[in-house]
Amino acid sequence: MVLEAPERLVRALAEARALTHGGSPPADGSADDKWLDALPGLFADAVERAGLSVERVRVPGGRSSLVALVRDADGTPAALKLAPPGARPERERAALEHWAGAGAVRTLAGPLPPGAMLLERLSPDVPVRSLPEAKSMLEAVGVLRRLWVAPPVGHGFETVAGLTGRQATEMRAGADAQSADLVDAALTAREELLAEPPGDDVLLHGTFRQSKVLAGERTPWLAVGPDPLVGEGAFDLARLVRDRVEDLVAAPSGAGVARRRVRKLAEALELDAERVRGWALFRAVESGVRAHRAGRTADAELTLEFATWL
C-alpha cells in the first residue's frame with residue numbers, strides 16, 4: 001500500500017517544531033521532520049521485516065505516532081506502531097515491557113527497525129470514554145491502579161521533577177498578561193509539591209486519560225500510548241481530572257463537578273486530594289500556555305478556564 005501520514009500527526013509535529021524552534025526549523029531539518037519524510041520507507045521496511053499484512057492505517061490516529069492494524073504471518077491480529085524520535089519510543093517500549101501486560105497493552109516480538117513496535121490488537125474504536133462518565137472514570141481508575149508499580153532498577157525514565165522543571169521555564173517565558181496570575185499559582189503549587197514528596201515513587205503512564213484506555217480481549221480495558229515518568233501517582237491523575245473539559249466548561253455546574261472529581265479520584269486511589277488538585281492545576285496551566293503559544297486559542301481558553309476552578 002502507498003502510505004500517507006495522517007494529517008493529525010503531520011500537524012502535531014509541525015506544532016512541536018514551532019514551539020521548539022520558534023516557527024523556524026533548523027537548517028538541516030529536525031529529527032522528527034526527517035522521520036516524517038522517511039516514514040513511508042520505514043513503514044514498508046517494518047511490514048516486510050515482520051512479515052505483516054496491512055489492514056488499514058488508523059485515521060485520524062494520534063498526535064505522536066502512526067498506528068496500523070495488521071496481521072502477522074499466522075494471521076494473528078496486531079497493531080504496528082511507528083513513532084518519531086521526539087516521542088521517545090524506546091521509553092514507551094521499556095515501560096510496556098516492565099508492565100508485561102498488567103494494565104497495559106502487550107508488546108509482541110518481531111524483527112522491527114528502531115522506533116517501531118508490534119503490539120497486541122485492542123479495539124481502537126472502543127475507548128473507555130465511550131462509557132457513561134461515572135463508569136468510565138471507575139474503569140480508568142482500575143487500570144491506573146495496576147500501572148503504578150515500582151520502576152525497574154537502574155531505569156532511564158525521566159522524573160516528574162525533571163519534566164516539570166523544563167515546563168516551568170517554558171511557562172514563565174510563554175505567560176502573557178491574561179495568564180500571568182495562573183502561571184504564578186501553578187509554579188508555586190509545583191514548588192510546594194516537590195518540597196514535600198509523599199513517599200516512594202512509582203512508574204507513571206505520563207499522559208493518562210480516558211482516550212488512552214482501550215477495550216481488550218484478555219482483560220476488559222488496557223492502557224496504551226504511555227510517555228512514562230517516575231514520580232508520585234497524583235501527577236498521573238492530573239490529566240484525568242480534566243477529561244471531557246469541553247463538557248465541564250459548557251455546564252453551569254462545571255466548576256463544582258471538577259472539584260468533586262478531584263476529591264473522588266483522590267479517594268478512589270487513596271491519595272491526598274490537595275496533591276491531586278495541585279498537579280491538576282500545574283498541568284492544566286502548562287497545557288493552556290502551550291496551546292496559546294501554538295495558536296490553538298480555543299483549546300487554551302478552555303484549559304485555562306478549567307484551571308481557574310482549581
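In this predicted model, strand β9, covering residues 213-215, is joined to β10 by 3 bridges, and the two run antiparallel. One spot to look at is Ala215, which sits opposite Trp221 in β10. Zooming out, β9 belongs to an open sheet of 3 strands, ordered β6-β9-β10 and paired in antiparallel fashion. The edges are taken by β6 (123-127) and β10 (221-223); each has just a single partner strand, so one side of each goes without a neighbour in the sheet. Ignoring direction, neighbouring strands here are turned by 55° against each other on average. As for what holds such an arrangement together, strands of a sheet pair through backbone hydrogen bonds, either parallel or antiparallel.

Now for helix α9. Spanning residues 254-268, this helix has 15 residues and reaches 21 Å from its first C-alpha to its last, close to the 21 Å expected at 1.5 Å a residue. Its buried residues are Gly254, Ala255, Ala258, Arg261, Val262, Leu265 and Ala266. Looking down the axis of α9, these buried residues fall within an arc of 120°, so they line one face of the helix.

What do the buried residues of α9 pack against? They meet other helices, namely α4 (133-147), α7 (233-241), α8 (245-250), α10 (273-293) and α11 (297-308). Turned away from that buried side, the other face of α9 carries the exposed residues Lys264 and Glu267. Just past the end of α9, Glu270 adopts a positive phi of about 55°.

Notes: Residues numbered from 1 in each chain as written. Predicted model: local features only at pLDDT ≥ 70, side-chain atom pairs only at ≥ 80, totals over all residues. Heavy atoms only, no water. Helix = DSSP H or I, 4+ residues; strand = E, 2+ residues; numbered from the N terminus. Expected span 1.5 Å × (residues − 1). Buried < 20%, exposed > 50% of the residue type's maximum accessible area, 1.4 Å probe, protein only. Arc of directions from axis to C-beta. Contact = heavy atoms within 4.5 Å. Pairing = 2+ DSSP bridges. Axes fitted to C-alpha atoms, helices over the stretch in contact; angles between N-to-C directions.
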